[in-house]
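I opened this model to look up a few local details. My notes follow in the order I took them.

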Amino acid sequence: MGRSATREPDCHPCESICGRWQPISARLMGRAGLRSPESGLPPAPQAALKLLVCAWVGTCQVKFVADIFASFAFYLFFFPLLLLLSEVLLTLREAMVIKVFIASQSGSTAIKKKQQDVLGFLEANKIDFKELDIAANEDNRKWMRENVPGEKRPQNGIPLPPQIFNDELYCGDFEAFFNAKEDNGVYAFLGLDPPPGSKEAEALAKKS
């Protein structure tokens, strides 16, 4: 009576590869005097070998677990970091303030009128601004003169108030402000988003 063919149970590819390498590794360890060839590898090297082979072949649960870990790492760390970064940028944008440099003790009636026109417009439209007096504060005078671009200076090189900045970004002088107001583009001139329903917002919507 012939022998019935015995079918080896299905094994994972990693188990098969580890099984082939185990005798070779055991013999090597036996020659080194660490383990006898018959006893096989100790549990720790067996587990380490299996883990390395599985990671190399990429057919066992190690790759799946790595993918799951990467997904959790993204949602637990990187996604909140992106949200935090967006909040910081939004806060910085909101923190930017319009600076208007004026001279409270100017003897020029024209300069006083220009200053009043700029400040009155900002107040009427509820635009936050900071009024900086160059007559009462030498640091304000120095900062204004140093930060007005050279091509925007008058022929004598000394810019006169009012000078308008968005934080440290130069917007322009009164003439530029007046022209922007006439063209319904003051918010763009100030580097601000126009409020919904304003003429400037409607004009931008038509252009887009």
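I began just after helix 6, where N184 takes a positive phi of about 55°. The model is predicted, and I read every value below with that in mind.

Next I went to the start of helix 6. There, a side-chain oxygen of D173 reaches to within 3.4 Å of the backbone nitrogen of E175.

Which residues of helix 6 are buried? I noted F174, F177 and A180 within the helix, which spans residues 174–182. They cover an arc of only 125° around the axis, so they lie on the same side of helix 6. I then looked at what covers these buried residues. The cover includes helix 4, strand 3 (163–166), strand 4 (169–173) and helix 7 (186–190).

I followed helix 7 to F189. Is F189 buried or exposed? Its relative accessible area is 14%, under the 20% cut-off, so F189 counts as buried. I listed its contacts, leaving out residues up to four places away in sequence. For C171 I checked the spacing: F189 and C171 are 18 residues apart in sequence and 6.2 Å apart in space, C-alpha to C-alpha.

My last stop was S106, in the loop between strand 1 (98–102) and helix 4 (109–124). S106 has a relative accessible area of 12%, so I marked S106 as buried. Not counting residues up to four places away in sequence, S106 touches I111 and K112.

Technical notes: Residues numbered from 1 in each chain as written. Predicted model: local features only at pLDDT ≥ 70, side-chain atom pairs only at ≥ 80, totals over all residues. Heavy atoms only, no water. Helix = DSSP H or I, 4+ residues; strand = E, 2+ residues; numbered from the N terminus. Buried < 20%, exposed > 50% of the residue type's maximum accessible area, 1.4 Å probe, protein only. Contact = heavy atoms within 4.5 Å. Arc of directions from axis to C-beta. Polar contact = N/O pair within 3.5 Å; in protein donor to acceptor, adjacent residues only side chain to side chain.
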